[in-house]
Amino acid sequence: MNVNVLRLDHRLKRDTRITTHVCLTARAFGASKIYLAGERDNKLMDNVRDTASRFGGSFEIEYTESYMGVINRWKADGGKVVHLTMYGSQAHEIAPEVREDGSDILIVVGGSKVPGKVYKAADWNVSVTTQPHSEVSSLAVFQHLLMDGKEFDLEFENPVLEVIPTAHGKNVNIHKENR
């Protein structure tokens, strides 16, 4: 299953930090690409690409002027859409169903107000609690449930920096050959 993420309604003056965290969370939990809708933010996209190149893997970020175009193409190509919202079915109940379906997944995370057409286009509207909170936390929790914990075993190809888990201090391998 290929997982991509669509971030709706990015706003330059307000959302740069949170959208960056959405991108990095998507990557760390196994997504291969994120689409950024809303205001174009080349600096954010360059920063995400730089982080991905330093920590390895082949994560992509792409700006789109038409979030519905991304959703419609995804579905036309046989993929399924998961929209993360506090109004949907419970994530812990839906994640196994999504995983078992086996289709490529586009996870949609909102910005300000998500239009009704996104809810209608989604194959699953999924709630990570029924309370307002961050799209970053929703994405992390849902991807964790979707991956069934396997994100801890992900390996990212050709990293320059590789963090080695350790109980105390920082342990980072620097791969000079990948610079």
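Predicted model: local features only at pLDDT ≥ 70, side-chain atom pairs only at ≥ 80, totals over all residues.
Trainee: With which residue does glutamate 62 form a salt bridge?

Mentor: Side chains of opposite charge can pair when their charged atoms come close. Here glutamate 62 pairs with lysine 33, and the closest N and O atoms are 2.6 Å apart. The two residues come from distant parts of the chain: glutamate 62 sits in strand β3 (residues 60-64) and lysine 33 in strand β2 (residues 33-38), 29 residues apart. Lysine 33 has a relative accessible area of 12% and is therefore buried. A network of salt bridges links Lys33, Glu60 and Glu62.

Trainee: How many salt bridges are found in the whole structure?

Mentor: The search finds 8. One of the pairs is lysine 75 with aspartate 123, at 3.3 Å from N to O. Lysine 75 belongs to helix α3 (residues 67-76) and aspartate 123 to the loop between α5 (116-121) and β6 (124-127), so the bridge ties together parts that are 48 residues apart in sequence. Lysine 75, at 31% relative accessibility, counts as partly exposed, and aspartate 123, at 34%, also counts as partly exposed. Arginine 11 and aspartate 15 form a salt bridge too, with their closest N and O atoms 2.8 Å apart. Arginine 11 is partly exposed at 22%, whereas aspartate 15 is buried at 4%.

Trainee: At what angle do helices α1 and α2 pack?

Mentor: Angles under 35 degrees count as roughly parallel. Helix α1 (residues 12-28) packs against helix α2 (residues 42-55) at about 30°, with the axes 10 Å apart. That angle makes α1 roughly parallel to α2. The crossing is right-handed. Leucine 44 lies in α2 and is buried, at 2% relative accessibility.

Trainee: Which word describes how α4 and α6 lie to each other?

Mentor: Helix α4 (residues 91-101) and helix α6 (residues 135-147) pack at about 50°, their axes 8 Å apart. The two helices are therefore oblique to each other. This crossing is right-handed.

Trainee: Which residues make the nonpolar surface patch of about 260 Å²?

Mentor: The patch is made by Val163, Val172 and Ile174. Valine 163 is in strand β7 (residues 161-163) and, at 55% relative accessibility, counts as exposed.

Methods:
Residues numbered from 1 in each chain as written. Heavy atoms only, no water. Patch = residues over 30% accessible without salt bridge, like charges linked within 9 Å, V, L, I, M, F, W, Y side chains within 5 Å. Areas by Shrake-Rupley, 256 points an atom, 1.4 Å probe, with all protein chains shown as cover. Salt bridge = Lys/Arg side-chain N within 4 Å of Asp/Glu carboxyl O. Helix = DSSP H or I, 4+ residues; strand = E, 2+ residues; numbered from the N terminus. Buried < 20%, exposed > 50% of the residue type's maximum accessible area, 1.4 Å probe, protein only. Axes fitted to C-alpha atoms, helices over the stretch in contact; angles between N-to-C directions. Parallel < 35°, antiparallel > 145°, perpendicular 65-115°, else oblique. Left-handed = near helix turned anticlockwise from the far one by under 90°.
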